[in-house]
Amino acid sequence: MNILYFDSSTEACTAGVLAGDRLVTDFEVAPRGHAEKLLPMAEALLAQAGIGFDDLELIGFGRGPGSFTGVRIATAMAQGVAISRDLPMAGVSSLACLAAGAFRRLKAAGEAVDDVEARVAIDARMGEIYRAAYRLDAEGRLVTVLEEGVTEPVFPQGAAGRIVASGSGFGRYPSLGEGREVLRVEPEALPHAEDAIELIRRLSEADYLSPDRAVPQYLRDNVAGR
């Protein structure tokens with residue numbers, strides 16, 4: 001399948017193209033200018049992958065939570081491409097994407113992940129975090145053990161096994177990543193298109209969205225000024 005993915009839900013501006021079995025991605029930490037960077041980034045990746053917009057079959061987007069402005073930018077850009085070519089869409093949680101990246105890095109380091117819980121947190125400002133927690137099942141799929149939410153900076157106690165802590169919430173609130181069971185803390189981790197596209201590849205067609213149903217997931221009702 002040929003997939004194009006956009007994400008600007010955090011400080012990272014990231015995009016990816018899957019052309020058959022070939023994956024190419026780009027990633028840049030850019031707190032500003034996402035609207036100007038994403039489309040040229042996507043065009044360069046399509047050229048690198050050797051396909052064009054007309055060859056695409058699915059458009060993915062980072063649905064949030066995260067920066068309200070950034071989530072809107074990626075969603076609108078993905079919708080524009082999908083509508084113009086009558087393509088389905090697939091949204092990826094920025095929290096799930098962080099967890100997938102944390103597990104990928106653990107595996108690359110030779111760590112066993114069967115007993116690991118990935119706790120992910122993005123700084124939501126106003127004294128709160130966007131948080132969730134995941135494990136991997138026997139087939140390597142993410143399983144949610146703590147649903148997405150916006151809360152005060154705390155995680156429930158009682159997780160069994162080891163923990164990897166990933167995301168800007170742990171940089172803003174270092175005490176979140178403390179504890180004997182914590183395997184590693186990644187306070188600078190940001191969502192990456194490589195992990196998002198891998199999550200999309202595991203979806204079924206029943207999970208795809210029409211462009212009119214592809215909406216941001218803010219988690220917080222008050223989006224003014226964000």
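Reader: Are Phe 155 and Phe 170 buried or exposed?

Author: Buried means under 20% relative accessible area, exposed over 50%, partly exposed in between (1.4 Å probe, protein chains only). Phe 155 is buried, and Phe 170 is too. This is a predicted model: local features need pLDDT of at least 70, side-chain atom pairs count only at pLDDT 80 or more, and totals for chains, interfaces and linings use all residues. Residues are numbered from 1 along each chain as its sequence is written, and side-chain values use heavy atoms, without hydrogens and water.

Reader: How many aromatic pairs are there?

Author: Rings of Phe, Tyr and Trp (its six-membered ring) pair if their centres lie within 6.5 Å; planes under 30 degrees apart are stacked, over 60 edge-to-face, the rest tilted. Here the count is two. Helices (H or I, at least four residues) and strands (E, at least two) are DSSP runs, numbered from the N terminus. Phe 68 and Tyr 218 are both buried. Phe 155 and Phe 170 are stacked: 5.9 Å centre to centre, 10° between the planes. Phe 155 is in the loop between strand 8 and strand 9 (162-166), Phe 170 in helix 4 (residues 168-172), 15 residues apart.

Reader: In what order do the five strands of the open sheet run?

Author: Two strands pair if DSSP finds at least two bridges between them. The order is 8-7-6-9-10, with mixed pairing. Strand 8 (142-151) and strand 10 (182-186) are the edges, each pairing on one side only. Seven antiparallel bridges join strand 7 (residues 128-136) to strand 8. Tyr 134 has Thr 144 of strand 8 as its bridge partner.
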